[in-house]
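Please read the report below alongside the sequence and the 3D view.

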Amino acid sequence: MWAFRRGAGAYTELLRAQPLLTNSVTASGLYGGGDLVAQAIEMKLKITSPNKEKVNWNRTMRMTVFGMGVAGPLLTGWYPLLHRMTLPFRQSYTEVAPALARNVNIRSEWYTMETLSGPINRAREVGAKVIFDTVFFQAPYLTCYFFVTGFLEGRTPAAVFKKTKDNFHASWFYGTLLWAPAQTLNFMFVPVMFQPLVVHSVDVVWKASLSVLYHYRDYGPAFALTSKHASLDRTSAEVIVASQPSSSELAQPPSEMQGMMEELEELRREVKGHRAMLVELDALRREVRDHRETIAQFHHATRRVTRSFDRLTRGDKSPGAPGGR
């Protein structure tokens, strides 16, 4: 316990002295370690890409670079900015001498500041932070994640755009279900200085879960079944071609010909069964496509709600804090 308190104190001092560097180094370590954990789970579940037999260190390095160069700096700047943006939910200004203030330059002395407290004001501030974080940060940040990691993988711009388009909506939808309650607790109980650390920790678990889910989708039982069917179809076709009777075999006794015909018929039934399984697989793919369309509709509705919220925000004429000091 003593060692933990001493380490926590040293980390706090580093955050106060060098917040950008400390958060960036922390994010790089968490992202790299989280990717190693994800790869271990994928190899344990046997849902890795074809011919993968060991840890992909290039992939781990890409996540480490993303944490150091993107995640750390962005979150270090965003949460203090978000705290300043929600200042009207914590402070209120009242004009002291309206008649006198209209005839002189406005100064801070003509206003009194009141610190807003109480559970209602606190709930309003946390709710505003969650909405701003979800609408104005999470979506661009997720897009940045797909673009940066795609280019680090050596993909072309068209391939990066396709990867982002295919994965963004589902990731953002399910991410909102996670981040809304997580950020509510974060903004409610965690000081601003430590909020990036909490987000990095939760984000590592979330990115690892996404990696496992996407590998299960791409290389899970459906992929293995498809590969097996393709192999069986090729083998069956080769056997059928090889079992076709030649001119010399046509002169064999009727009993041998009958046995060969029975074997050929059995092979044809197996091929028919494989085709039926492929039809079932196509039906599953159609269901997945329908689910993606549903998620796209949800995203469209979310954008409409966001536009409505923006219109309401622009229409708010309540006075804020004075601009000059």
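## Salt bridges and overall build

The structure holds 11 salt bridges, a salt bridge being a side-chain nitrogen of Lys or Arg within 4 Å of a carboxyl oxygen of Asp or Glu. This is a predicted model, in which local features need pLDDT of at least 70 and side-chain atom pairs count only at pLDDT 80 or more, while totals for chains, interfaces and linings use all residues. Residues are numbered from 1 along each chain as its sequence is written, and side-chain values use heavy atoms, with hydrogens and water left out.

| Pair | Closest N to O distance |
|---|---|
| Arg59 and Asp35 | 2.6 Å |
| Lys163 and Glu153 | 3.4 Å |

The bridge between Arg59 and Asp35 links distant parts of the chain, with Arg59 in helix H3 (residues 57–85) and Asp35 in helix H2 (residues 19–45), 24 residues apart. Helices are DSSP runs of H or I with at least four residues, strands are runs of E with at least two, and both are numbered from the N terminus. Arg59 and Asp35 are each buried; buried means under 20% relative accessible area, exposed means over 50%, and partly exposed lies in between (1.4 Å probe, protein chains only).

The salt bridge of Lys163 with Glu153 also links distant parts of the chain: Lys163 is in helix H6 (residues 157–189), and Glu153 is in the loop between helix H5 (119–152) and H6, 10 residues away. Lys163 is buried because its relative accessible area is 16%, whereas Glu153, at 33%, counts as partly exposed.

Lys207 and Asp203 sit four residues apart in helix H7 (residues 195–219), about one turn of the helix. Both of these residues are buried. Elsewhere, a network of salt bridges joins Arg90, Arg122, Glu125 and Lys129.

The protein has nine helices and two strands. Their order from the N terminus is α-α-α-β-α-β-α-α-α-α-α. Of the 325 residues in the protein, 30% are buried.

On the surface, a patch of positive charge brings together Arg303, Arg304, Arg307, Arg311 and Arg314. Patches are made of residues with over 30% relative accessible area and no salt bridge, like charges being joined within 9 Å. Lys and Arg count as positive, and the charge of Arg is placed at CZ. Arg311 belongs to helix H9 (residues 254–314). Arg311 counts as exposed because its relative accessibility is 51%.

Definitions and conventions: Patch = residues over 30% accessible without salt bridge, like charges linked within 9 Å, V, L, I, M, F, W, Y side chains within 5 Å. Areas by Shrake-Rupley, 256 points an atom, 1.4 Å probe, with all protein chains shown as cover.
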